[in-house]
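Colleague: I would like a close look at one part of this model, the central strands and what they connect to. Please take me through it step by step.

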Amino acid sequence: MAEEQGDAARKRISGYGFGDISTVMSVEDIQREAEKIAARAPGIEALEALANRDSFVSVDNLRAGYGRMEILHDFSLRVAKGQSLCLIGPNGAGKSTVLHSIFGFTNIMGGSIHVGGNDVTRLSSNEKLRDAGIAYVLQDNSVFPQMSVEENLWMGGFLKPYTMEAREAAEKVFDKYSRLAERRKQPARVLSGGERRLLEISRALVMNPDVLLVDEPSIGLEPRFIDVVFEILHDLQHTEGKTIIMVEQNAKKGLQVADIGYVLVSGQLAKAGWGRDLLDDPEVGRLFLGG
Ligand SMILES: Nc1ncnc2c1ncn2[C@@H]1O[C@H](COP(=O)(O)OP(=O)(O)OP(=O)(O)O)[C@@H](O)[C@H]1O
């Protein structure tokens, strides 16, 4: 019975993009090992060094969750303007909850969140999007299939309806992405998986955010679209100076593309480093990359 449960658990985790660890470790082993790493968690000095001591987004000792359930315990984060950061870790570690908290979807029980020096801890999601320059790209398919591509895009400006600013921002997106411009009058249901993802990211750009929170950009995409989506994020970071904080189930890919990687375990930061350094880190490799 116990062996059967172990097999089931191994099968579960082998499907989550951490590489082929199905024959190596059980979920319980990974959790135990990861908690040992968490006991040596980096301090704020180390996080500030990764952000070049010039933090644009600062999360300090955050305690947050859903209802009365605390998911994040004393979580801190630093990222500079125009940097990218990827959160990796086991299922249920609280990675999406970090994005939810920065965007105002959780109950904040303690700690603070600052963006560009402003305290945004208690702002609503609408205020974060409209006033604080933070946008969130959902993990789930959030395209409205019956609406046209351009109507989907205009929805991104729902907090500034009928303004020239929102219209101009949408036109800018069409200028940039001819794939969407060619299909602007067609219903969004005709788009491929990759084009839908592009539309979702573009919709978040209509409010011209400084910070893009991207939840699992590669989820559900065919392999040929995954690189396209990461190229788009790379371009937004490097040519438009967007600050990107993402969660990525494909840990290897996430650490390849992001400047900074954070490993989250049981709602706590366990490890932080340059994405490329974490790729070569034996502990991270063994637990999360199938190395
Ligand atoms: N809206 C919600 N209401 C209540 N509990 C939630 C909600 N969203 C997430 N949780 C719980 O919070 C915990 C952390 O979930 P979260 O989605 O942040 O983890 P994750 O690391 O992103 O996991 P995964 O890799 O599986 O997506 C889980 O126990 C989950 O069940």
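**Strands, core and ligand shell**

Modeller: Of the 291 residues in the chain, buried residues make up 42%. Keep in mind that this is a predicted model. The chain has 13 helices and ten strands.

Start with strand β3, residues 84-88. Five of its five residues are buried, so the rest of the structure largely encloses β3. Look at its two faces. Ser84, Cys86 and Ile88 lie on one side. Leu85 and Leu87 lie on the other. Both faces are covered.

Now the partners of β3. One is strand β8, residues 243-247. β3 and β8 run parallel and are joined by four bridges.

Follow β9 onward. This strand covers residues 260-265 and pairs with β10 in the antiparallel sense, over six bridges. Val263 stands opposite Lys271 of β10. β9 and β10 form a hairpin, with two residues between them. Ser266 sits in that turn and has a positive phi of about 50°. Most residues other than glycine have a negative phi. Strand β10 itself spans residues 268-274. Five of its seven residues are buried, so β10 too is largely enclosed by the rest of the structure.

Next, the nonpolar core. The largest one has 74 residues. Those with the most contacts inside it are Ile102, Ile134, Leu212, Leu213, Ile245 and Tyr262. Take Ile134 as an example. Leaving out residues up to four places away in sequence, Ile134 touches Ile102, Phe103, Val115, Lys128, Leu129, Pro209, Val211 and Leu213. Ile102 and Leu213 also belong to the list of core residues with the most contacts.

Then the ligand. Its surroundings include Gly89, Asn91, Gly92, Ala93 and Gly94. Lys95, Ser96 and Thr97 are there as well. Tyr66, Ile71, Val247 and Gln249 complete the shell. Helix α4, residues 95-103, gives the most to this shell, with three residues. By type, the shell divides into four nonpolar, seven polar and one charged residue.

Asn52 is not a glycine, yet its phi is positive, at about 55°. Arg53 lies in that loop between α3 and β1. Its phi is also positive, near 55°. Are these residues buried or exposed? Asn52 has 13 C-beta neighbours inside 10 Å, so Asn52 counts as partly exposed. Arg53 has 10 such neighbours inside 10 Å, so Arg53 counts as exposed.

Technical notes: Residues are numbered from 1 along each chain as its sequence is written. This is a predicted model: local features need pLDDT of at least 70, side-chain atom pairs count only at pLDDT 80 or more; totals for chains, interfaces and linings use all residues. A residue is near a molecule or strand if its C-beta atom, placed from the backbone, lies within 6 Å of it. Ala, Val, Leu, Ile, Met, Phe, Trp, Tyr, Cys and Pro count as nonpolar, Asp, Glu, Lys and Arg as charged, and the others, Gly among them, as polar. A residue is buried if 20 or more other C-beta atoms lie within 10 Å of its own, exposed if 12 or fewer, and partly exposed in between; C-beta atoms are placed from the backbone. Two strands pair if DSSP finds at least two bridges between them. A nonpolar core is a set of buried Ala, Val, Leu, Ile, Met, Phe, Trp, Tyr and Cys residues joined through C-beta atoms within 7 Å. Two residues are in contact if their C-beta atoms, placed from the backbone, lie within 7 Å.
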